[in-house]
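Subject: Structure handover

Hello,

Here is the structure you asked to look at.

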Amino acid sequence: MLTQRQLFLKHNAQTSTTPLLLEFVKAQGVNIYDAEGKEYIDLIAGIGVSNVGHCHPNVVAAVQKQAETYMHLMVYGEYVQSPQVNFATALASVLPSNLNSTYFVNSGAEAVEGAMKLAKRYTGKKGFIACRNAYHGSTQGAESLMESDFYSAGYGPFLPNVDFINHNNIADLEKITTKIAAVFIEPVQGEAGIRVADQAYMEALRKKCDETKTLLVFDEIQSGFGRTGKMFAFEHYNVVPDILLLAKGIGGGMPIGAFISSLEIMSVLSYNPILGHMTTFGGHPVCCAAGLATLNTLLDEKLVEKVEAKGELFKQLLQHPAITEIRGKGLMLALGFDSFETNKAIIDACIEDGIISDWFLHCSDAMRIAPPLTITEEEIKKACAVIIKNIETITSKQR
């Protein structure tokens, strides 16, 4: 009889030739458990998904209740469904007044795709600007916003009329002209290895977009929902986008994404032609119920207010001569090393010791530190002790 791993390799499409092949059977809080009962601390939260922890009781209860009430009824946008209405209303209550209309989709990539169409339709322009080393998704449109020969090789041609700028480089903003429909940018770049924009850059970016009548789109698919110590990363700068992209952490583990704008901008998808954007499962009632429970949990348990201190504790404890830099905000951190080889060896050793981390698509020499926001001080200390032990073990062999 074939094992689960053998069946996985035989019947599940693979995304790499070297999957981790860890077989997990349960998850709770910051911990994941394998088939042998071994406990792991998840320091990457499923890549920014489980912000309120795995299987938070509030999210589980909301999912169960909604699944018993109704699930899919109709393609998005036709029926009044209370889970969609309630979650959209709650999002509007924690966002600036111009971000009051939410279009729910199934993923971050779909949110990017919807925003690209919306920007073209509203402005009547065709050009886009995105940042080098960004990651916006793997669908054709979203991947057109990613300048990477490595990840896009063999999948082109991609969309025309896309130009690229360097993140946090004010001089590059001159590329934003009146021909540009939208600029897509992560206030805190994720897969670039956690690169934080500075205040002057964000203000200059907003000013340039206003001058050229270009829509400013903030991709907060990784940084949103408390990850950086604010509910949304743009709040650190007091700079508000025209369109906001969310996914990953907003569903408490359920698949959901969203692009959010003003009612005025969003309305252009509804006429000339009607059905300007469609999705069958977008705004799935169960996922929206999970999203509302996630948002309420962040607010009720005051999880976001504790993030900055937890991030600082990681920075204090992760001190070693082999660490070249610790970058980031809140619990969105990157631990730099001298090479991918060193980083990979440390990550592998940590996994063996029950600490899950990984590296970044565009920054392979840095370790990702992005645990559930519910992680406790004791769990942080335990994880950091294991990381430091393995850094010392691996780098001592290189001396």
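Strands, like helices, are DSSP runs numbered from the N terminus: a strand is E over at least two residues, a helix is H or I over at least four. This is a predicted model, in which local features need pLDDT of at least 70, side-chain atom pairs count only at pLDDT 80 or more, and totals for chains, interfaces and linings use all residues. Residues are numbered from 1 along each chain as its sequence is written, and side-chain values use heavy atoms, with hydrogens and water left out.

Pocket

Strand 4 gives the most to the lining of the second largest pocket, namely 3 residues. A pocket here is an open set of points on a 1 Å grid over the protein atoms alone, where a 1.4 Å probe fits, with protein on both sides within 12 Å along at least five of seven lines; lining residues have an atom within 4 Å of a point. The second largest pocket holds about 460 Å³ of space, the volume being that filled by probe spheres set on the points, which are joined across faces, edges and corners. Its lining has 20 residues, and Tyr76, Gly77, Tyr103, Leu269 and Ser270 are the closest to the centre. Two or more lining residues come from each of strand 4 (101–105) and helix 9 (263–266). By type, the lining of this pocket has 9 nonpolar, 10 polar and 1 charged; Ala, Val, Leu, Ile, Met, Phe, Trp, Tyr, Cys and Pro count as nonpolar, Asp, Glu, Lys and Arg as charged, and the others, Gly among them, as polar.

Sheet 1-2-3-15

This open sheet has 4 strands in the order 1-2-3-15, with mixed pairing (two strands pair if DSSP finds at least two bridges between them). Strand 1 (24–28) and strand 15 (355–356) are at the edges with a single partner strand each, so one side of each has no neighbour in the sheet. Strand 3 (residues 39–42) and strand 15 run parallel and are joined by 2 bridges; Asp42 stands opposite Ile356 in strand 15.

Sheet 13-14-16

Here 3 strands form an open, antiparallel sheet in the order 13-14-16. Strand 13 (325–329) and strand 16 (366–369) are its edge strands, each pairing on one side only. Between strand 13 and strand 14 (residues 332–336) there are 5 bridges in the antiparallel sense, and Glu325 stands opposite Gly336 in strand 14.

Regards
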